[in-house]
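Subject: The structure for you to look at

Hi there,

Here is the structure I promised to pass on. Have a look at it first, and then read my notes below.

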Amino acid sequence: MTDKNGTTQSIQTWPVPEFYFSVDISNVGKIFCKEVSGLDVEFDVIEYRPGDMPGFTRGKMPGLRKGGDVTLKKAILKDDKALWDWINQVKMNIIRRESVTIALIDESGIPVHSWKLTNAWPKKYTMEGFKADGSGVSMENIVLAHELSLIHISEPTRPISISY
C-alpha cells in the first residue's frame, strides 16, 4: 500500500497475513496447526442503579473477564506423542495445566501479536474421520479450556524459529 501521494510504502499500512503463526505449549512443545480459533475476551456486565439516580435507567460497568475455549485444528502426525501424553493425563480434578502462547508472525519471523492462555488444559478431542475415497490429511481438533487470555502487541524482537 502506498501513501496518499502514491510514492512510498510503509510497513505499518500492510495487514498481517493470517497464515503465519505459531502455537507453543509449555512442557509439550510447539504444535504445528492448520487453524486456531476462539481467541476472544468477554466481560460480564454489572448493572447497577442507585436510588437517587435521575431517570429510569441502570448504569452498566464491566465485571469479570472471561475467555472462550480455544480450538486447535492440526494434522495427525505419526510420532506426535507429547500432545497425546498431555491429553491422556486428564482425570477428574487432576490435570496438568499449561501455558499456551499463540503468536501471529510477520514476514521476518517476528511476532506481531501474541495471545497467552494461562492454566490451559485439553477439554475436548475430536477426530475428523476417515474417508475411503478421500485424498486429504487426517485432522484432529483439540479444544483448550483456560482461565485467562492476555493479548500482547509485540515489539520487534528476534525471529521465531519454525522448522518442520
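One term before we start: a residue is called buried if its relative accessible area is under 20%, exposed if it is over 50%, and partly exposed in between. Glutamate 147 has a relative accessible area of 47%, so it counts as partly exposed. Please keep in mind that this is a predicted model.

Now the overall layout. The chain has 1 helix and 10 strands. Reading from the N terminus, the order is β-β-β-β-β-β-α-β-β-β-β. There are 164 residues in the chain, and 25% of them are buried. Of the contacts with a separation of 6 or more, 64% are between residues 24 or more positions apart. The chain exposes about 11700 Å², and 55% of that comes from carbon and sulfur atoms.

Next, the inside. The largest nonpolar core has 19 residues. Val23, Ile25, Ile31, Leu72, Leu83, Val100 and Ile102 are the ones with the most contacts inside this core. Two or more core residues come from each of these elements: strand S1 (21–25), strand S6 (70–75), H1, strand S7 (98–105), S8 and strand S9 (139–145).

Side chains of opposite charge can pair when their charged atoms come close. How many salt bridges does a search of the whole structure find? The count is 9. Here are some to look up:

- Aspartate 44 and lysine 66 meet through their side chains at 3.0 Å, N to O. Aspartate 44 is in strand S4 and lysine 66 in strand S5 (residues 59–67), 22 residues apart. Both ends are partly exposed, aspartate 44 with a relative accessible area of 30% and lysine 66 with 41%.
- Glutamate 128 and lysine 73 form a salt bridge at 3.3 Å, N to O. Glutamate 128 sits in the loop between S8 and S9 and lysine 73 in strand S6, so this pair ties together parts 55 residues apart in sequence. Glutamate 128 is partly exposed, at 42%.
- Arginine 97 and glutamate 147 form a salt bridge at 3.0 Å, N to O. Arginine 97 is in the loop between H1 and S7, and glutamate 147 in the loop between S9 and strand S10 (148–153), so the pair ties together parts 50 residues apart in sequence. Arginine 97 is partly exposed too, with a relative accessible area of 38%.

What about aromatic rings? The structure holds 1 aromatic pair. Tryptophan 84 and tyrosine 125 make up this tilted pair, with 4.8 Å centre to centre and 55° between the planes. The pair links distant parts of the chain, as tryptophan 84 is in helix H1 (residues 81–88) and tyrosine 125 in strand S8 (residues 111–127), 41 residues apart. Tryptophan 84 is partly exposed at 34% relative accessibility, and tyrosine 125 is partly exposed at 28%.

Last, the surface. Val41, Phe43 and Ile151 make a nonpolar surface patch of about 270 Å². Valine 41 belongs to strand S4 (residues 41–48) and counts as partly exposed, at 31% relative accessibility.

Conventions: Residues are numbered from 1 along each chain as its sequence is written. This is a predicted model: local features need pLDDT of at least 70, side-chain atom pairs count only at pLDDT 80 or more; totals for chains, interfaces and linings use all residues. Side-chain values use heavy atoms; hydrogens and water are left out. Rings of Phe, Tyr and Trp (its six-membered ring) pair if their centres lie within 6.5 Å; planes under 30 degrees apart count as stacked, over 60 as edge-to-face and the rest as tilted. Helices (H or I, at least four residues) and strands (E, at least two) are DSSP runs, numbered from the N terminus. Buried means under 20% relative accessible area, exposed over 50%, partly exposed in between (1.4 Å probe, protein chains only). Patches are made of residues with over 30% relative accessible area and no salt bridge: like charges are joined within 9 Å, nonpolar side chains (Val, Leu, Ile, Met, Phe, Trp, Tyr) within 5 Å. Accessible areas come from the Shrake-Rupley method with a 1.4 Å probe; for residues, only the protein chains shown count as cover. A salt bridge is a side-chain nitrogen of Lys or Arg within 4 Å of a carboxyl oxygen of Asp or Glu. Contact means heavy atoms within 4.5 Å. A nonpolar core is a set of buried Ala, Val, Leu, Ile, Met, Phe, Trp, Tyr and Cys residues joined through side-chain atoms within 4.5 Å.
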